[in-house]
Amino acid sequence: MTVLSNDGQSWLTKLERIGEKSAYDRQMVFNNLGHLLNVDMLKEQFHRLNGNKAVGIDRETKETYGVKLDENLKHLLQRIRRGTYRSKPARVTEIPKEDGSKRPLVISCFEDKLVQLAASQIPGKIYEPLFLPCSYGFRPGLSCHDALRTLLQSSSRIRDGAVYVIDEWFAEVSRSHIKGRAEMVRYADDMVFLFGDASEAERFYKVLPKRLEKFGLELHREKSQIIPAGWIAAQRANQSGKRLSTFNFLGFTCYWGKMRKGGWRLKFTSRKDRFASKLKGLREFLWKRLSSDRVQTLKRAIRGIKGWINYHGITDNQGRVRQFILQGKRTIHRWLNRQGGKGYLSWGKLVKILKVLAYPESWKTVSMFRSHRTCVGTRVYREPDAVIPQVRF
């Protein structure tokens, strides 16, 4: 059921019209968009929010906020429109990274998350038509899998062979300064550029840091590189007893491997450091809850395991996923036996327990070969030989 506003239009209809106007006129300036925020919109965003996420400093949860949902939303909307709404301080926790450093994770209070989600709908609809097809980060209907799929398909389309930055600038540079083929695959700040000519990749890589500086960004030298790629280069390296260098993209290590029917193509496997980090996180989660309710703890752990599998269960990565499922099971087995109690829990009994709790034993592999509406170009070249720089900042 669609709830209509006072003028007979739903907030979603108004938002769609704004998106259409933005697509029609890229220079259009939008004013006075606050009327789109109403109780109906806030209620829909409330139902979209994940109730299992960490809570902010006020300890408010989705469940407690929803007890008086209509009353809370009306009061929230009044504060927004009167200009008296103020976000609460966020809780910041340090998350360890694979390289030993840490990154801050900001955890907002539930009501602030609700306002942020609702408010993001408006600029998202305005700017969505302005994104180029090469951009995949946090866009509706697109995912990391789509970016990986496009990278694979682009690597098989480049005649001679490289991959990267800011969308429109790259589009302009590729038209005006690059004679061969050039493509970019980007998800947020993780980007890959493909060039048909190695010399053009080198020239682009020299100019790139200057372009980033104009936007107040700095090239991450340790994570950015230019490497040869393509099945011809992979074949030549193999004949010399070598292998092409790998690179990381969106949590995967990208490498050139042999196909069953002969030849070489780009393949993906879960990064070893993140694989180990996820298992370490599982161990730490369980060991902190040695005295907690077993069933509830296992259900939470299994949700995390399923989430990892859903993301990493892609073409070529089946072996790594099977290993993760087994290692997760072994970790749980050790945890249950560390809790003490009556005797030792056998592996057979563990299997029965995990079956009841729907521990994943299989998964649906996400194909990297399925075509997608955003894939660039349609022509397939028989003899690709790419040079791929990985760029991070």
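How many residues lie between β7 and β8 in their hairpin, and which residue in the turn has a positive phi? I found five residues between the two strands, and G262 in the turn has a positive phi of about 95 degrees.

**Ground rules.** I am working from a predicted model, where local features need pLDDT of at least 70, side-chain atom pairs count only at pLDDT 80 or more, and totals for chains, interfaces and linings use all residues. Residues are numbered from 1 along each chain as its sequence is written, and side-chain values use heavy atoms, with hydrogens and water left out.

**Strands.** I took strands as DSSP runs of E with at least two residues, and helices as runs of H or I with at least four, numbered from the N terminus. Two strands pair if DSSP finds at least two bridges between them. I see β7 and β8 pairing in the antiparallel sense over seven bridges, with C254 opposite F268 in β8. On to β6 (residues 247–249): it pairs with β7 in the antiparallel sense over three bridges. F249 has F252 in β7 as its bridge partner.

**Burial.** I call a residue buried under 20% relative accessible area, exposed over 50% and partly exposed in between (1.4 Å probe, protein chains only). Five of the seven residues of β7 are buried. I then checked helix α9 (residues 231–239), where I232, A233, A234 and A237 are buried. β7 (252–258) and β8 (264–270) are among what covers them, with contact meaning heavy atoms within 4.5 Å. After α9 I noted G241, with a positive phi near 75 degrees.
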